[in-house]
Amino acid sequence: MSTTFQLDTATSRAHPTPAPMKRLTIPAIRARKDDGVTAEPIVMLTAYTARQAQLLDAHCDLLLVGDSLGQVIYGLSSSVPVTLEMMINHGAAVVRGSYHAAVVVDMPFGTYEQSPEQAFANAARLLKETGCAAVKLEGGEAMAETVAFLTQRGIPVMGHVGLTPQAVNVLGGYNARGRSDAEAQKIVDDAKALDAAGAFAVVIEGVVEPIAIAATKAIACPTIGIGGSAQCDGQVLVTEDMCGLFERVPRFVKRYANLAEEIETAAATYAGEVRARSFPGPEQTYQPRKG
């Protein structure tokens, strides 16, 4: 029996609640791919808050606290300015709000590239201060030594190849990768290097479909596609994109809802009632919080 925290929506407070921890484990996720075959595809979505994690948890195998929170939560132009402290705060909230999915936290730009030792210090802090199960970092062959260093010291690592958003300044934008033969081969080689270094899974982002398929077939660990191919071993989307909270989303994203329109309509209705002084009084709507 372990103590975890569950957000009580009746009080908006997090209460420590003894509960058996039945989370999926990183070895269980890795074992989904057996001899090159993943019979049950891996479901991953991003989450940045405790309440969001509560809503997604039962449906996902992995929850990713992505550094995409820079754009989604903080309105930054890219993920480059995201700090370790931001990732720790949001990562801890997502762990508190979930019970089933394994939580993976992105290592932000500048916290792991300098050396394996730097990466270990910051990854260890992420695990200690959030309770997450694994970290994710970007880069292929250049980061293989670091991935091996971390995994050999007890830190599970998810890799990320293809379009790597933290390298947007080098790449010159968010265009699909793998269009040239040389670049396509590099993406496959990067995936192989991370697999050999001990990554438990590799995200393949923004690559032409044949390359995503080739990389998936070339490595033993599962691949997680985002703008790659349905033939990857799993898929991930930014939840806000999936739910239609932004007017503009990447071309590969399927919207499963249009929450932006619903929220705007609700806000407009509320504003109209307030301005018309027809807003319901407390005797009509108020229910005291318990406790």
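**View 1. Helix 5 from end to end.** Helix 5 (residues 116–130) has 15 residues and reaches 21 Å from its first C-alpha to its last, close to the 21 Å expected at 1.5 Å a residue (the expected span is 1.5 Å times one less than the number of residues). Helices here are DSSP runs of H or I with at least four residues, strands are E runs of at least two, and both are numbered from the N terminus. The model is a predicted one: local features need pLDDT of at least 70, side-chain atom pairs count only at pLDDT 80 or more, and totals for chains, interfaces and linings use all residues. Residues are numbered from 1 along each chain as its sequence is written, and side-chain values use heavy atoms, with hydrogens and water left out.

**View 2. The buried residues of helix 5.** Pro116, Gln118, Ala119, Asn122, Ala123, Ala124, Leu126 and Thr130 are buried (under 20% relative accessible area, 1.4 Å probe, protein chains only). Their cover includes helix 4 (84–96), strand 7 (102–106), strand 8 (134–136) and helix 6.

**View 3. Helix 6 against helix 8.** The axes of helix 6 (residues 144–151) and helix 8 (residues 181–197) come within 8 Å and cross at roughly 20°; axes are lines fitted to C-alpha atoms over the stretch in contact, with angles from 0 to 180 degrees between N-to-C directions. The two helices are therefore roughly parallel to each other (angles under 35 degrees). Ala144, Val147, Ala148 and Thr151 of helix 6 meet Ala193, Leu194 and Ala197 of helix 8, contact meaning heavy atoms within 4.5 Å.

Terms used. Parallel < 35°, antiparallel > 145°, perpendicular 65-115°, else oblique. Buried < 20%, exposed > 50% of the residue type's maximum accessible area, 1.4 Å probe, protein only.
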